Amino acid sequence: MIEFEPDRFRWEQITDTLRQRITDGTYPPKHLLSEVQLMQEFGVARGTLRKAMQRLRDEKLIYTIPNLGSFVGQRT
């Protein structure tokens with residue numbers, strides 16, 4: 001679990017962490033981002049994690065396939 005900064009929303013901090021993992025290659029293209037695993041890792045509720053995931057979708061860093069999950073997109 002990460003130590004959250006008290007003056008920023010948790011979902012923003014999770015977004016920053018996941019974005020960094022995507023851009024540095026920790027999560028390669030087509031890597032499945034498991035909500036359950038990420039919720040446990042960060043110690044947050046599903047709604048908080050989903051806000052972070054939505055921001056990454058908006059930035060085109062991940063994509064979601066209904067009934068399959070969210071995946072890291074191809075880097076350009």
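K60 sits in the loop between α3 and β2, where helices (H or I, at least four residues) and strands (E, at least two) are DSSP runs, numbered from the N terminus. This is a predicted model, in which local features need pLDDT of at least 70, side-chain atom pairs count only at pLDDT 80 or more, and totals for chains, interfaces and linings use all residues. Residues are numbered from 1 along each chain as its sequence is written, and side-chain values use heavy atoms, with hydrogens and water left out.

**Loop residues with a positive phi**

- Most residues other than glycine have a negative phi.
- K60 is not a glycine, yet its phi is positive, about 65°.
- K60 is also exposed, with a relative accessible area of 68%; exposed means over 50%, buried under 20%, and partly exposed in between (1.4 Å probe, protein chains only).
- N67, in the loop between β2 and β3, is not a glycine either and has a positive phi of about 70°.
- With 84% relative accessibility, N67 counts as exposed.

- I14 belongs to helix α1, which covers residues 10-23, and is buried with a relative accessible area of 0%.
- Leaving aside residues up to four places away in sequence, I14 touches F4, F42, V44, T48, L49 and A52; contact means heavy atoms within 4.5 Å.
- I14 and I2 are 12 residues apart along the chain, and their C-alpha atoms are separated by 9.0 Å.
- T15 lies in helix α1 too, and T15 is buried at 1% relative accessible area.
- With residues up to four places away in sequence again left out, T15 touches A52, R55 and L56.

- Helix α2 (residues 35-42) has the buried residues L38, M39 and F42.
- Looking down the axis of α2, you find these buried residues within an arc of 105°, so they line one face of the helix; the arc is that of the directions from the helix axis to the C-beta atoms.
- These buried residues pack against α1, β1 (32-33) and α3 (46-58).
- On the face turned away from the buried side, α2 carries the exposed residues Q37 and Q40.
- After α2 comes G43, with a positive phi near 65°.

**Around L68**

- L68 is in the loop between β2 (62-65) and β3 (69-72).
- At 57% relative accessibility, L68 is counted as exposed.
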